[in-house]
Amino acid sequence: MCGRYSFVPTKEQLEAELSDVDLPAQLRIQYNIAPTNMAYVIANDKPHKIQEMIWGLVPSWSKDGQPNGKLINARAESVTEKPSFKDPIRRRRCLVPADSFYEWRTQAGNRKTPYRIQSTDGKLLMMAGIWDEWGPRHMRTFSILTTSPNAEMSALHNRMPVLLNKEEQKAWLSVAPLESILPLLKTAPDNSLQYYRVSEKLNRVGTDGPELHREEKDPPSLFDLA
């Protein structure tokens, strides 16, 4: 799954990968984006403008329209079948930009250690997403598509976000029929990601700041002490 990520782009990343997208004058930096937070997406209804939506899809047919964060991810293998996702995957697709996402490794005593995952080439990660709109307030929400892990991610988790390259991004936001975009929902190539351990402060929702991106050293193992 993808349960936390960050959007802290460098000037070089913005110029290289988001130069054709209208950005706000004051771009909000987020080190710890959590479910139900507002976050940036590029949606297919306005593919040249970055928008803000709530993370955690609320279907248009929801009775209460409450963004409870239960639908933050959509499995690529079943996205066309689930009632909440089968309409958005056909008509309402988006890109979710991130400079990194996080996963946790469970240690002894059920201690959860977070790791920050980035691209090996220094580019932004463009995660495949779907969105929907609810009610007279036109509340917009989104989910991130996930798939099976590549070699490096399998050491941390059995799922990972669907990551799209430049050409795939264009196809994802196009009016292409479902049959032609489903092949995009694949695992990223091996050796395309790298990760390192970060502070357990990340475990607390609402914590934010550059210290969450600082590398923490793994404690020595028994083999290191031998």
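Strand 6 and strand 9 run antiparallel and are joined by six bridges; two strands count as paired if DSSP finds at least two bridges between them. Helices (H or I, at least four residues) and strands (E, at least two) are DSSP runs, numbered from the N terminus. This is a predicted model, in which local features need pLDDT of at least 70 and side-chain atom pairs count only at pLDDT 80 or more, while totals for chains, interfaces and linings use all residues. Residues are numbered from 1 along each chain as its sequence is written, and side-chain values use heavy atoms, with hydrogens and water left out.

- Strand 6 (residues 93-98) is largely enclosed by the rest of the structure, because six of its six residues are buried (under 20% relative accessible area; exposed is over 50% and partly exposed in between, with a 1.4 Å probe and protein chains only).
- R93, L95 and P97 point one way from the strand, and C94, V96 and A98 point the other way.

- Q169 lies in helix 3, which covers residues 166-173.
- Q169 counts as buried because its relative accessibility is 11%.
- Beyond its neighbours within four places in sequence, Q169 is in contact (heavy atoms within 4.5 Å) with L95, M126 and L164.

**Nonpolar cores**

- A nonpolar core is a set of buried Ala, Val, Leu, Ile, Met, Phe, Trp, Tyr and Cys residues joined through side-chain atoms within 4.5 Å.
- In soluble globular proteins, nonpolar side chains tend to be buried together.
- The largest core here has 53 residues, and Y5, I130, F142, L145 and W172 touch the most other members.
- Strand 9 (residues 125-134) gives the most to this core, contributing six residues.
- Another core lies apart from it and has eight residues, including V8, Y31, V198 and L212.
- Residues touched by L145, leaving out those up to four places away in sequence, include A128, I130, M160, V162, W172 and L185.
- The contacts of L145 also include R75, G129 and P161.

- Five strands form an open sheet in the order 2-1-7-8-12, with antiparallel pairing.
- Its edges are strand 2 (30-33) and strand 12 (193-197), each of which pairs on one side only.
- Neighbouring strands of the sheet are turned by 30° against each other on average, direction ignored; axes are lines fitted to C-alpha atoms, for helices over the stretch in contact, and angles run from 0 to 180 degrees between N-to-C directions.
- Strand 1 (residues 5-7) and strand 2 run antiparallel, joined by two bridges.
- F7 has Q30 in strand 2 as its bridge partner.

**The whole chain**

- The chain contains five helices and twelve strands.
- Its radius of gyration is 18 Å, close to the 17 Å that the globule rule gives for 226 residues, so the chain is as compact as a globular protein of that length; the radius is taken over C-alpha atoms, and the rule is 2.2 Å times the number of residues to the power 0.38.
- Along the principal axes, the C-alpha atoms fill a box of roughly 60 × 40 × 35 Å.
- Buried residues are 50% of the 226 in the chain.
- Of the contacts with a separation of 6 or more, 67% are between residues 24 or more positions apart.
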